[in-house]
Amino acid sequence: MSFDANTGAVRSSSGTLHENHQLILEAIGRLSPTSVHEAGCGGGDHVANAQMLYPNINVTGGDRGFTQLELATQRHPQLAGKIGLQDITMPFSNQWPRADLVYTQAVIMHIHTAVSHLVALSNLVEQANEYVLLMENQQCHNFVADLTALHTGGHLKWPDLHIYQFESSIGARATLLSRQALELKNLKSDAQLRKGVKVSQRRLKRANEDSARGIFGFLTNLKT
Ligand SMILES: C[S@@+](CC[C@H](N)C(=O)[O-])C[C@H]1O[C@@H](n2cnc3c(N)ncnc32)[C@H](O)[C@@H]1O
């Protein structure tokens, strides 16, 4: 596997890299962080691949599943000491490894309990020095609306929040949050994010129900 800094593309010699994994590896190469953390790293394959491709970047991973982490260290013994138990829906812990780039893949999309996904998004931003990359099903939550409401309501650590669409060299898409402005496509709405995606009314309904449970900021105007 190799990253070409001129094209921003990652190529695998075996040709078996999934397009979502390729996007994550390309995001790391293009954003050039000094440290990367995967929240909900499961069996650790992405952490191991990222560390192999970018040996000078400190890559860590967290997961709330003990058996997942056991599996990860069996599959990738070199990850011992770099991965740990972490529940991203718990109150923020200063023991979580901070990283320039924190990412999730297929984690937040599965969280539908109370306001846990909002807590998780807020925690991801706090854990990241510069960027959060969300490789998630874009219909499972109203990511743009929820993040905007979290930011407006004062729930995010970063003073500024920029929400972008990140595209891989082969057109895969993910959501990139950045503390600083970047020259990427701005995301203003979830409709923009979902353009061209086959609609799932069931998912959209659940996403709206999840968003509706959020109470953002401190509202003192109580007139109805
Ligand atoms: C579908 S798997 C994805 C694993 C990995 N990101 C990948 O793409 O291969 C979802 C993972 O998220 C983890 N997870 C779910 N909720 C979590 C939470 N609140 N905090 C941390 N990890 C969580 C699960 O234990 C599981 O390993």
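How many of the five residues of strand S3 (residues 35-39) are buried? Select S3: four of its five residues are buried, so the strand is mostly covered. A residue counts as buried if 20 or more other C-beta atoms lie within 10 Å of its own, as exposed if 12 or fewer do, and as partly exposed in between, with C-beta atoms placed from the backbone.

The model is predicted: local features need pLDDT of at least 70, side-chain atom pairs count only at pLDDT 80 or more, and totals for chains, interfaces and linings use all residues. Residues are numbered from 1 along each chain as its sequence is written. Helices (H or I, at least four residues) and strands (E, at least two) are DSSP runs, numbered from the N terminus.

**Around S3**

Two strands pair if DSSP finds at least two bridges between them. Next show strand S6 (residues 99-105), parallel to S3 and joined to it by three bridges. Here His-37 stands opposite Val-102.

Now display helix H2 (residues 45-53): with S3 and S4 it makes a right-handed β-α-β unit. Right-handed means that, with the strands pointing away from the viewer, the path from the first strand over the helix to the second runs clockwise.

**On to S4**

S4 is largely enclosed by the rest of the structure, because five of its six residues are buried. Strand S5 (residues 83-85) runs parallel to S4, and three bridges join them. Gly-61 stands opposite Ile-83 in S5. Select helix H3 (residues 66-75) to complete another right-handed β-α-β unit, made of S4, H3 and S5.

**The ligand**

Select the 17 residues around the ligand; Gly-40, Gly-42, Gly-65, Ile-88 and Gln-105 come nearest. Near means that the C-beta atom, placed from the backbone, lies within 6 Å. The shell holds six nonpolar, eight polar and three charged residues. Ala, Val, Leu, Ile, Met, Phe, Trp, Tyr, Cys and Pro count as nonpolar, Asp, Glu, Lys and Arg as charged, and the others, Gly among them, as polar.

**Helix H5**

Finish at helix H5 (residues 143-152), where Phe-143, Val-144, Asp-146, Leu-147, Leu-150 and His-151 are buried. They lie on the same side of H5, because they cover an arc of only 170 degrees around the axis, taken from the directions from the helix axis to the C-beta atoms. Their packing partners include helix H4 (116-127) and strand S7 (128-135), contact being C-beta atoms, placed from the backbone, within 7 Å. Just after H5, Gly-154 takes a positive phi of about 80 degrees.

Note on methods:
Contact = placed C-beta atoms within 7 Å.
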